[in-house]
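Okay, thanks for coming, everyone. Let me put the model up and we'll walk through it.

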Amino acid sequence: MSIPFVDLKAQYDSIKNEIDAAIASVLEDTAFIGGEHVSDFKANFEKFYGADYCVPCANGTDALYIAMKMMGIGSGDEVITTSSSWISTSETVSQTGAQPIFVDVDEYYTIDPTKIEAKITSSTKAIIPVHLYGQMCDMPAIMAIAKKHRLKVIEDCAQSHLSSLENKRAGLWGDAGTFSFYPGKNLGAYGDAGCLITNDEKLATDCQRYANHGALVKHQHDIEGINSRLDGLQAAVLNVKLPHLTKWTIERDRVGRRYLELLADVSEIELPKLRPNTLHSFHVFGIKVNDRSQIQEYLKSKGVPTQIHYPHAMPFMKAYAYLNARPADYPNSHDLQERELSLPIYPEMTDEQIVFVADSIKSYFNG
């Protein structure tokens with residue numbers, strides 16, 4: 001059996017007629033930048049997600065940058081974030097002129113709130129928790145710290161569409177939540193796309209203005225901005241996919257929990273933990289193993305592709321060599337980079353495929 005790591009074709013086939021009609025509508029309307037499809041997505045995402053305001057933009061990276069810029073974060077400021085994430089989380093901090101300050105992760109692979117306060121200084125302006133792999137951060141603890149120190153909170157929800165803690169969704173805890181709709185995400189477009197959500201009307205207006213060259217109305221540029229607009233084709237695709245997201249999230253949860261059940265007795269691997277009272281949207285199902293490269297090659301020979309998310313925790317990247325980070329500084333993130341192995345997971349995955357992956361892992365350890 002050969003199993004894809006992510007099967008975007010299976011997802012397309014399941015909604016092909018809707019997708020094709022939506023794309024054809026954009027072409028017929030020549031609504032490539034702005035227009036009805038984008039405004040519809042804005043309204044649809046606000047209603048679906050339960051946020052007062054949605055600001056569509058070109059990608060999730062821009063969403064982070066725009067939110068920070070419009071919160072007034074800039075040169076001389078510091079922003080605390082996790083040491084385990086994709087570089088967009090930290091590079092956008094640097095792009096504002098601020099300094100990213102890394103904090104190690106906890107047992108759930110998300111920022112450890114018990115280590116945040118030690119990193120807070122008079123220059124700290126915000127915290128960016130990342131709901132990594134679809135796992136919720138400990139938002140009650142993070143929000144209590146933010147309130148105590150009067151810090152902004154921007155949730156990076158690039159991997160956590162519909163994840164929730166205590167029945168409150170990712171992105172609705174902080175001052176803003178940012179989303180990526182990169183094709184491989186749980187809600188993916190057919191190119192780059194993103195948005196931010198907030199319940200702050202002024203912040204939403206400022207972000208919308210900044211993302212559109214500093215103008216809410218064409219030619220009326222109140223400030224200098226950037227060009228970060230969701231295009232009509234991506235909006236149309238997202239409008240079709242959005243009503244299916246709840247079902248797809250349930251199916252991801254099914255796959256993740258089935259893996260946990262089937263692999264529970266394999267002592268040689270460390271399974272991901274589920275934070276209590278959460279819905280984990282399982283963008284990634286990452287196990288930890290000691291002989292990763294050998295297992296990867298073995299599983300590849302069996303037709304099971306795997307990936308590593310991420311081979312370098314951010315403090316150990318060349319981009320941040322100036323930190324002179326040591327493994328002892330971020331022990332959990334370093335352990336994750338050395339041992340994490342991501343297994344295939346997508347909503348259309350059959351139980352037969354899940355069992356095959358699990359049996360292939362077991363066969364490796366059974367020699």
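I'll talk about a helix pair, then the cores, then one leucine.

Quick housekeeping: this is a predicted model, where local features need pLDDT of at least 70, side-chain atom pairs count only at pLDDT 80 or more, and totals for chains, interfaces and linings use all residues. Residues are numbered from 1 along each chain as its sequence is written, and side-chain values use heavy atoms, with hydrogens and water left out.

So, how do H2 and H8 cross? The axes of H2 (residues 16-29) and H8 come within 9 Å, at roughly 150 degrees; axes here are lines fitted to C-alpha atoms over the stretch in contact, with angles running from 0 to 180 degrees between N-to-C directions. That makes the two helices roughly antiparallel, a label for angles over 145. In contact terms (heavy atoms within 4.5 Å), Glu18, Ile19, Ala22, Ile23 and Val26 of H2 meet a set in H8 including Leu233, Ala236 and Lys241.

Next, the cores: a nonpolar core is a set of buried Ala, Val, Leu, Ile, Met, Phe, Trp, Tyr and Cys residues joined through side-chain atoms within 4.5 Å, and buried is under 20% relative accessible area with a 1.4 Å probe, protein chains only. The largest has 39 residues, with Phe45, Ile116, Phe181 and Ile197 touching the most other members. Apart from that one lies another core of 25 residues, Ile3 and Phe282 among them.

Last, Leu343 sits in strand S14 (residues 340-343). Buried or exposed? Buried, because its relative accessibility is 0%.

Note on methods. Buried means under 20% relative accessible area, exposed over 50%, partly exposed in between (1.4 Å probe, protein chains only). Helices (H or I, at least four residues) and strands (E, at least two) are DSSP runs, numbered from the N terminus. Angles under 35 degrees count as roughly parallel, over 145 as roughly antiparallel, 65 to 115 as roughly perpendicular and the rest as oblique.
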